[in-house]
Amino acid sequence: MVKAPFELTRSGLANDVHDRLLERNRVFEAFFAREARPLALACREMSDRFLRGGRLLAFGRGPYATDAQHVSVEFVHPIIVGKRALPALDLSPLFRPWMDAILQPDDIVMGFGPPEGDPEVTNALAAAHDRGAMTFELPGDRGSYALQPPDRNPFVHQELMEILYHTLWETVHVFFEHRQLGQDVGDSGFLYPFLGEERQPTGDIIEQVAASIRAKAQEDAALRAQVAQQESEQIVNAARAIHQRLTQGGKLIIFGNGGSATDANDWAIDCVLPPTGYRPVPAISLSMEPANLTAIANDVGIELIFLRQMIAHARKQDVAIGISTSGGSRNIIMAIEEARKRGLLTVALLGYDGGEILRRGVADFPLVVRSDYIPRIQEVQASTYHVIRETLEVLTRV
């Protein structure tokens, strides 16, 4: 599973990280070049179903439950101002009984699993299809849309799925924008996605949408190549520092908001429930604690949701890892500052220009994806933390 280290010097590992990132580009670009048109057609059907009152129901197990979390927050709480809030739910904790209880024929059901598939997820999707739902088998071969994994590496597979569901979210909104709803609700239209009855045909834009999907994959690849060129050595330095803390009995404490919360959850699960051939790494996610998060936010304030937990869990040999696409989330900054005061190693995955976290120097190892578009930032951040996880495994075997 883990690529054998050919050279364990810093420069050798940096070259290895660089190559791993670029190899992902080869896989992803080839996939979206082939799948752009089927995805465009799938998005048109999704938009039809949403307009009829359908919902997106997502689920998975283990690390793939975090993909269902991410899908839900992307559709319900869109990161682009003015986009419709669409109904989506993460059913992962009890997906089959939950789905059986609430499924409607116009719903869209999305099941996530490892490259080899998950029989329980596949069976649930088949049941949903039999009841009239549109289904996404990720992976599979029988859904309304079925993903055939182009790579068996579970980390690469999961990164591909993240690009795919970001693409679905972006492209569904393209079809909404090309359908002129029967009632004009002005600037507040995004709050009322189901108003109106008359819609314009969208068949003539399928090829344009497919071309846009291919362009998004190319943008993603360019950004990942930029990170490979500019950040590979810093990624290795961070991995080495993390590994040193782990050998001292430390753990990873990971946290983020929104989509970054799902990435924090995924990274923690990748550590404690790793792919076959990997050794477990002690890790927790502060974003995976809904009772704590809501209690602290309600009683004290949203800015303290991670700091309060950090006070409870931090030990000086630990590693605090904050994920922020903006680099300026106040609750991330406060938790990292608290971790530094307590002697923890601090790492930050950042977007834009690194924001306040970079400017104030509160992270020992800032890793910056220099983009101002959140879906692309998150996609490359996923590659970054997966490559760190791979590098930790290489270092563990020395």
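Colleague: Which residues does Phe136 touch, not counting residues up to four places away in sequence?

Modeller: Contact means heavy atoms within 4.5 Å. By that rule Phe136 touches Ala42, Met46, Ile108, Val109, Met110, Gly111, Leu125, Tyr145 and Leu168. Keep in mind that this is a predicted model, in which local features need pLDDT of at least 70 and side-chain atom pairs count only at pLDDT 80 or more, while totals for chains, interfaces and linings use all residues. Residues are numbered from 1 along each chain as its sequence is written, and side-chain values use heavy atoms, with hydrogens and water left out.

Colleague: How many strands does the open sheet have, and in what order?

Modeller: Strands (E, at least two residues) and helices (H or I, at least four) are DSSP runs, numbered from the N terminus. Two strands pair if DSSP finds at least two bridges between them. Here five strands form an open sheet in the order E2-E1-E3-E4-E5, with parallel pairing. Strand E2 (88-90) and E5 are the edge strands, each pairing on one side only.

Colleague: Which residues are bridge partners in E3?

Modeller: Strand E1 (residues 56-59) is joined to E3 by four bridges. Leu56 has Ile108 as its partner, and Ala58 has Met110. E3 also pairs with E4, over five bridges, and there Met110 stands opposite Phe136.

Colleague: Are the residues of strand E3 buried or exposed?

Modeller: Buried means under 20% relative accessible area, exposed means over 50%, and partly exposed is in between (1.4 Å probe, protein chains only). In a regular strand the side chains alternate between the two faces of the sheet. Ile108, Met110 and Phe112 point one way from E3, and Val109 and Gly111 the other way. Five of the five residues of E3 (residues 108-112) are buried, so the strand is largely enclosed by the rest of the structure.

Colleague: Which residues have the most contacts inside the largest nonpolar core?

Modeller: In soluble globular proteins, nonpolar side chains tend to be buried together. A nonpolar core is a set of buried Ala, Val, Leu, Ile, Met, Phe, Trp, Tyr and Cys residues joined through side-chain atoms within 4.5 Å. The largest one has 45 residues, and Phe112 and Phe136 have the most contacts inside it. Helix H1 (10-51), E1, helix H2 (65-76), E3, E4, helix H5 (154-178) and helix H6 (206-247) each supply at least two of its residues. H1 gives the largest share, twelve residues. Another core, of 40 residues, lies apart from it and includes Ala14, Leu223, Val387 and Leu392.

Colleague: Which strands does H1 lie across?

Modeller: For angles, axes are lines fitted to C-alpha atoms, for helices over the stretch in contact, and values run from 0 to 180 degrees between N-to-C directions. H1 lies across E1, E3, E4 and E5, at about 150° to E4. H5 packs on the sheet too, touching E3, E4 and E5, and its direction makes about 155° with that of E4.

Colleague: Which peptide bond is cis?

Modeller: The bond joining Leu138 and Pro139 is cis, with omega about 15°. Pro139 is in the loop between strand E4 (134-138) and strand E5 (145-146).
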